[in-house]
Amino acid sequence: MSRRLRGMLVVLGVLLGVLGPVSAAGARPVSAAAPAGISCPVGSQVGTYTPGLTYEPRDVAFQASGNVSGCVDLSGNGISGASFSATGHGTASCLAGSVSNTATYHWSNGQTSTVTGTGAINLKPNGVTVLVLTGTVTSGLFTGATVVQTKVLLNSELTACASPGGLTSVGGPISLTVAL
């Protein structure tokens with residue numbers, strides 16, 4: 001099995017582990033009686049870091065935007081997708097980090113949600129970074145709900161982390177879960 005295929009299987013395993021049989025609200029098993037929610041398995045994001053990420057942890061700010069689609073909406077709100085924008089900051093490097101963020105989701109039904117939360121960054125094989133953001137809807141549709149966004153960000157500039165300017169932009173597939 002090639003290194004690249006093995007790396008992608010690891011990422012898939014991480015995603016399945018994150019989105020598997022544990023609710024986004026914590027370690028409670030999901031059951032047939034679980035509250036309704038939304039799952040959007042298809043999406044993409046682009047984002048920038050200022051200053052760029054290097055191998056040494058440092059304070060960074062980031063901005064991101066993207067969209068999700070293919071949503072399964074058990075909430076009864078008729079949601080099929082959303083666009084979003086996010087800003088945040090934290091201590092991060094190309095290897096790991098933790099961030100806080102605020103994101104605004106513009107749902108396909110015309111409503112919005114503002115989410116604040118935290119996230120953990122972990123580098124995976126072949127320059128793939130997995131970022132899991134967990135937050136709470138603080139205003140708008142679904143106020144009080146827990147949101148988990150899993151991002152698989154692909155670093156196409158593998159030498160950027162070793163440069164003085166660092167890695168300044170990434171993009172890749174994402175998924176979104178809202179647990180009501």
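Visitor: Look at the pair C94 and C161: are these two cysteines buried or exposed?

Guide: C94 is buried, and C161 is buried as well. Buried here means under 20% relative accessible area, exposed means over 50%, and partly exposed is in between, computed with a 1.4 Å probe and protein chains only. The model is predicted, with local features needing pLDDT of at least 70 and side-chain atom pairs counting only at pLDDT 80 or more, while totals for chains, interfaces and linings use all residues. Residues are numbered from 1 along each chain as its sequence is written, and side-chain values use heavy atoms, with hydrogens and water left out.

C94 and C161 are joined by a disulfide, with an S to S distance of 2.0 Å; the rule asks for a pair of cysteine sulfur atoms within 2.5 Å. The torsion about the S-S bond of C94 and C161 is about -90°, so this disulfide is left-handed. The pair links distant parts of the chain, 67 residues apart: C94 sits in the loop between β5 (81-92) and β6, and C161 in the loop between β9 (146-154) and β10. Strands are DSSP runs of E with at least two residues, helices are runs of H or I with at least four, and each kind is numbered from the N terminus.

The disulfide count for the protein comes to two. The other one is formed by C40 and C71, whose sulfur atoms are 2.1 Å apart. Here the S-S torsion is about 110°, so the disulfide is right-handed. C40 belongs to strand β1 and C71 to the loop between β3 and β4, so this pair ties together parts that are 31 residues apart in sequence. C40 has 1% relative accessibility and therefore counts as buried; C71, at 14%, also counts as buried. With bonded cysteines counted along the chain, the disulfide pattern is 1-2, 3-4.

The surroundings of each pair can be followed along the strands. Strand β1 (residues 37-40) pairs with strand β10 (residues 167-179) in the antiparallel sense, over four bridges; two strands pair if DSSP finds at least two bridges between them. β1 also pairs in the antiparallel sense with strand β4 (residues 72-73), over two bridges. S39 takes part in each pairing: the residue opposite S39 in β10 is T177, and the bridge partner of S39 in β4 is V72.

With 11% relative accessibility, N101 counts as buried. Apart from neighbours within four places in sequence, N101 is in contact (heavy atoms within 4.5 Å) with F62, T87, G88, V115, T116, G117, T118 and L133.

As for the whole chain, the protein has one helix and ten strands, and its pattern along the sequence reads α-β-β-β-β-β-β-β-β-β-β. Of the 180 residues in the protein, 39% are buried. Where contacts join residues at least 6 apart in sequence, 57% of them join residues at least 24 apart. The accessible surface comes to about 8,800 Å², and carbon and sulfur atoms account for 60% of this surface; accessible areas come from the Shrake-Rupley method with a 1.4 Å probe, and for residues only the protein chains shown count as cover.
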